[in-house]
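Subject: Structure handover

Hello,

Here is the structure I said I would pass on. Please open it alongside this message; my notes on what was found follow below.

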Amino acid sequence: MSSAARVVRLGGLCLAFAAVSACGGEKIRLGDGTLSPELGGADAASACPHAQVAANAVAWIGDSWVNIPGIQHTRVRDLARAIGAIGPNDDYVDLAASAATIAMVSSQYDMAEASSTPVQVLIMDGGTWDTILSGGSAASVSSVVSAFGQFLTKVASDGTVEHVIYFLGPELQTIPGVAALRPGLEQACAASRAPCHFLDLQPLWAGHPEYTAADGIQASAAGATVIADQIWALMQSNCIEQ
C-alpha cells in the first residue's frame, strides 16, 4: 500500500483515537457485519459535532452495488437515525442506477449538486460497469481512472463536498478489471483535494462467498450489510454526518 493511501485509510482513525493510542496497524475492516470500537463505535461518534449535515445533503451515487439489494443505503440511514444524526423520518438522496458508467455517475452528482441543497457528503462506487462492457480491457481501466480523477477535481472545485466515500467492489469473475482499477482509483482518492476515503471490498469478501448474491454479480443481503457497516464505521471514525 502506498503511503498516501495509508494516510487516507488511517488518518481519520488516528485523529479519532490519538488521545488513547498510537493508531498502529490497519484494523479498519469489518468482516462479520458488526461494529467494533476500533472501527468507530459510540465512543468515536461522541466526539463528533452532532447533527451538522442535513440528510438531503448526503448523496449516494453509483451503480447497482449501491442500490441492490438496497441495505447499503437503508442500514446506514437507520444507524444515523438511531443516534439522532438525522431526523426519524429523514432520508438520504439516492441517485444510483443499475448499469451506470462512470460518466453517468458523474452526472448523478451534477443532478444532486444542482438541487436546492448542495451535496456535503458523497457515498459512491462506479467504474466497474465500464470494465464489464469492455471485458476488462486496459483502455477501459485507464479511461475510468482518468474520469474518476477528473470527477474528484470537479467536486473539489465546486467546494461544497466535505467528504467522499468511494467503495470498490470485490474481484468477481463476472466483474473483470477490478484488480487493475484498484491502484489508480486508490491513488486518485488519496490525491483528491476533497477528502476522499477509499474502501476496498476485496479483503472483506475474501473467504465469504455468501456475501455475493446468487447471480454472481451483486452483493447479497449479508454482503450489503457488511458494506453498510463499513461505511458507517468510516463515517463515525471521521466525523462524517454524525
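pLDDT is the predictor's confidence in each residue, on a scale from 0 to 100. This is a predicted model, and the protein has an average pLDDT of 86, with 81% of the residues scoring at least 70. The stretch to treat separately is residues 1-42, where the pLDDT is below 50. In the model, this stretch has 73 contacts beyond near neighbours in sequence.

Two helix pairs come next.

Helix α4 (residues 71-82) packs against helix α10 (residues 221-237), with the axes 8 Å apart and at an angle of about 45°. The crossing of α4 past α10 is right-handed. On the α4 side, the contact is made by I71, Q72, R75, V76, L79 and A80. On the α10 side, the residues are A221, A224, T225, I227, A228, D229, I231, W232 and M235. By type, the residues of this contact between α4 and α10 are 11 nonpolar, two polar and two charged.

The other pair is helix α5 (residues 102-113) and helix α7 (residues 138-158), whose axes come within 10 Å and cross at roughly 10°. Angles under 35 degrees count as roughly parallel, and α5 and α7 are therefore roughly parallel to each other. Here I102, S106, Y109, D110 and E113 of α5 meet A147, F151, K154, V155 and D158 of α7. The residues of the α5 and α7 contact comprise five nonpolar, one polar and four charged.

On the aromatic side, the structure holds five aromatic pairs. One of them is formed by W65 and W205: the ring centres are 5.6 Å apart and the planes stand at 50°, so the pair is tilted. W65 belongs to helix α3 (residues 64-67) and W205 to helix α9 (residues 202-205), so the pair links distant parts of the chain, 140 residues apart.

Lastly, two points about the backbone. Most peptide bonds are trans, and most residues other than glycine have a negative phi. The peptide bond from I68 to P69 is cis, with omega near 0°, and P69 lies in the loop between α3 and α4. A99 is not a glycine, yet has a positive phi of about 60°. This residue, A99, is found in the loop between β2 (93-94) and α5.

Regards

Technical notes. Residues numbered from 1 in each chain as written. Predicted model: local features only at pLDDT ≥ 70, side-chain atom pairs only at ≥ 80, totals over all residues. Heavy atoms only, no water. Axes fitted to C-alpha atoms, helices over the stretch in contact; angles between N-to-C directions. Helix = DSSP H or I, 4+ residues; strand = E, 2+ residues; numbered from the N terminus. Left-handed = near helix turned anticlockwise from the far one by under 90°. Contact = heavy atoms within 4.5 Å. Nonpolar A, V, L, I, M, F, W, Y, C, P; charged D, E, K, R; others polar. Parallel < 35°, antiparallel > 145°, perpendicular 65-115°, else oblique. Phe/Tyr/Trp six-rings, centres within 6.5 Å; stacked < 30°, edge-to-face > 60°.
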